[in-house]
Amino acid sequence: MVVAHNDSRVTGRLFRREPSDVQCRLYRWFWMMAYLGVFAMKDFLPERFSRDAGTLAEMIEQNNFDEGSYGAMAMIYSHVPGPLLPLLPAIICIPSLWIILGYVRSYPVMMLMPILLMPYLIMNFMNPTKETLVALMILAVYHISQSRLTTFRAILLVLMLYGTYAAFIRSYYALIAIFFIALLFLRHMPRAIGAIAVLLGLAAMLMLPEDFYRALQGSRDESAFYMAYLGEDTVRTYFFNLLPPDNLGSFLVNTFWGLLVMFVPFFVAQSFNEVLMMVNVFMYCGMVLAILRYRGGAGQLPAYLFMGHILTQAQFEPDLGSYVRHFSCVLVMISPGLLYMFRNRPAEVIVAEETAQLQAAGGAPADTVRTTVR
């Protein structure tokens, strides 16, 4: 792909060189300081960025812990010391941001990073929300993928994290884990066995009752109807299922529709915000593809996990803002893909250098980074 390799025919002669180590360090520190500045002035941000935090704070104050995910998070936050709770997003964000910016190694990526980082920071790390704990879990997933653990043990740890979170906070995270395992199975099994497994899975889904499909995809319509009632002044980017979610055919159509809306948001709204969303989506896809191509072993797991997140979101996300908030929250675990994007050096050279650095530092095993590029 010519775009992914910083070809001068695409990016121009200006970007034929790469930033020095000093420039990369300065860029990293600039964003760290910028985040702390925005965090210090978070009270001046629009109210929509603090709605979830306000709901949680109200539940904690009233000692009202319902059975939903808000209640579970309010219960957890009620045990955090009061002075520490407002600082919790920053405590998690600072190491996450440090990791992400450590993989920026080209001028085009430097120019695109503001489009990625602004929603990542403002939507997830201004106030304690449900995404705060997810960000902590994703930080753990990143370290698991970079560790010396075998791939099998890394998978078990990831499943344990997601299973625990699904059991106590958001049950739909179990679906993410299911998609994650399914994708891994399909990727590593012979194509014939994978095709048979897919057909058997679809046949089993034909037997499921309507209530299953309504529970899985019906919440999108419910949320969209509520947003329509509130009016476009409150939410303008909501959308409905194409078909009533009551059978396998509708499930497949609605899933495809959910994915299409994410990749082409102009079906829902037409503004500059949707252009920025598309840049985010395609940059995230680039990171995933780079990880799958240039990483191996446990280093590939975040890519499959991210795809699990996207396939799950495609089932019930009701608006574009929710899409961006939820998929941006996991940026840190796929950030190693930035290392290979828009570079003007051959991928073989970058991979060889990274492998040598890891082995010299006694870090992740060699099979975390591919030694050959397919």
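Me: What makes H9 stand out in the lining of the second largest pocket?
Reply: In this predicted model, H9 gives the most to that lining, with seven residues. Other elements that give two or more residues there include helix H10 (191-206) and helix H12 (248-263).

Me: Which residues lie nearest the centre of the second largest pocket?
Reply: Phe 179, Ala 182, Leu 202, Met 205 and Phe 251 do, out of a lining of 23 residues. The lining divides into 20 nonpolar, three polar and no charged residues.

Me: And how does the lining of the largest pocket divide by class?
Reply: There you get 19 nonpolar, 15 polar and 14 charged residues. Among those nearest its centre are Asp 319 and Arg 325, and Asp and Arg count as charged.

Me: H3 and H4 each supply at least two residues of the largest pocket's lining. Why are these two helices called roughly perpendicular to each other?
Reply: Look at the angle: H3 (residues 51-62) and H4 (residues 69-77) pack at about 65°, with their axes 9 Å apart. Angles of 65 to 115 degrees count as roughly perpendicular, so H3 and H4 get that name.

Me: How do you know which residues make the contact of H3 with H4?
Reply: Contact means heavy atoms within 4.5 Å. Residues making the contact include Leu 56 and Met 59 of H3, and Met 73 and Tyr 77 of H4. By class, the contact has seven nonpolar, two polar and one charged residues.

Methods: Residues numbered from 1 in each chain as written. Predicted model: local features only at pLDDT ≥ 70, side-chain atom pairs only at ≥ 80, totals over all residues. Heavy atoms only, no water. Axes fitted to C-alpha atoms, helices over the stretch in contact; angles between N-to-C directions. Helix = DSSP H or I, 4+ residues; strand = E, 2+ residues; numbered from the N terminus. Parallel < 35°, antiparallel > 145°, perpendicular 65-115°, else oblique. 1 Å grid on protein atoms, 1.4 Å probe; cavity = no way out; pocket = protein on both sides within 12 Å on 5 of 7 lines; lining within 4 Å.
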